[in-house]
Amino acid sequence: MSDSGARSGLRAGIAIAAFCTGAAAIYVFSGDAYLWFKALHIIAVIAWMAGLLYLPRLFIYHHDKMPGSETSETFKTMESRLYRFIMNPAMMIAWLFGLFIAWQGQWFSSGWLHLKLVALVALTLAHVYFGRAVRAFGRDERPLTSGRWRLLNEVPAALMIVIVIMAVLKPF
Ligand code: HEM
């Protein structure tokens, strides 16, 4: 790994540690940990979604670049750093706090959470699939066509609409 890659990794590790230490302090000292944890959940969700919406867009542009060219190498760095240092930690923190508030709020028997969890499993599968694509582009392969990536680009947005409607409106 390059020096700046190692520095980004260190910064991501420090951010996760700071997030978890802050959460532990809130749990111990705050009277209303639920709302604090929901806020941390939403912060992590924003970072995760930003990556899920942007990464396939990077694949679309990367797809047409000549393997080995300077632009293609720049895309490789952008994709791998976005995935490893933003999306992976953000996904873990979103799940961690999401499950915690589901348990604390006794939401596990609610229909809206069941549908939200189905959409979340699909979103997490998309995340894993994008990670495999990051590694394939890193080996100078060109998985799928750019038309397919344009289509896949819409999947996280569609799932996000279902997830947010379930979380906010709780229709059942
Ligand atoms: C990763 C797994 C996730 C779990 C287990 C989870 C679970 C939960 C739970 C139990 C709540 C509390 C509901 C309340 O207090 O009203 C909540 C709130 C929320 N979640 Fe998630 N969630 C997850 C991911 C996401 C994602 C990916 C998004 C957005 C795309 C999202 C958006 C929201 C929003 C906007 C709220 C606030 C709802 C409100 O207060 O009205 N969540 N989540």
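Modeller: Helices (H or I, at least four residues) and strands (E, at least two) are DSSP runs, numbered from the N terminus. The model is a predicted one, in which local features need pLDDT of at least 70 and side-chain atom pairs count only at pLDDT 80 or more, whereas totals for chains, interfaces and linings use all residues. Residue numbers start from 1 along each chain as its sequence is written.

Biologist: Is Asp-140 buried or exposed?

Modeller: The criterion counts other C-beta atoms, placed from the backbone, within 10 Å of the residue's own: 20 or more means buried, 12 or fewer exposed, and anything in between partly exposed. Asp-140 is exposed because it has 12 other C-beta atoms within 10 Å. Lys-170 has 13, so it is partly exposed.

Biologist: How many helices and strands does the protein chain have?

Modeller: The chain has six helices and zero strands, and its pattern along the sequence reads α-α-α-α-α-α. The C-alpha trace spans about 55 × 40 × 15 Å along its principal axes. Of the 172 residues in the chain, 20% are buried.

Biologist: At what angle do H2 and H3 pack?

Modeller: Axes are lines fitted to C-alpha atoms, for helices over the stretch in contact, and angles between N-to-C directions run from 0 to 180 degrees. The axes of H2 and H3 lie 7 Å apart, at an angle of about 150°. H2 is therefore roughly antiparallel to H3; the classes are roughly parallel under 35 degrees, roughly antiparallel over 145, roughly perpendicular from 65 to 115, and oblique for the rest. The contact of H2 with H3 comprises 25 nonpolar, six polar and two charged residues. Here Ala, Val, Leu, Ile, Met, Phe, Trp, Tyr, Cys and Pro count as nonpolar, Asp, Glu, Lys and Arg as charged, and the others, Gly among them, as polar.

Biologist: How far apart are the axes of H2 and H4?

Modeller: The axes of H2 and H4 are 11 Å apart, and the packing angle is about 30°. H2 is therefore roughly parallel to H4.

Biologist: Which residues touch the most other members of the largest nonpolar core?

Modeller: A nonpolar core is a set of buried Ala, Val, Leu, Ile, Met, Phe, Trp, Tyr and Cys residues joined through C-beta atoms within 7 Å. The largest core has 21 residues, of which Ala-44, Trp-48, Phe-59, Ala-90, Ala-94 and Phe-97 touch the most other members. H2, H3 and H4 each give two or more residues to this core, and the largest share, 10 residues, comes from H2.

Biologist: How many residues surround the ligand, and which are the closest?

Modeller: A residue is near a molecule or strand if its C-beta atom, placed from the backbone, lies within 6 Å of it. The ligand is surrounded by 21 residues, the closest being Val-45, Trp-95, Gly-98, Ala-102 and Ala-167. Two or more residues of this shell come from each of helix H2 (33-63), helix H3 (70-104), helix H4 (111-138) and helix H6 (154-169). H3 gives the largest share, six residues. By type, the shell holds 17 nonpolar, three polar and one charged.
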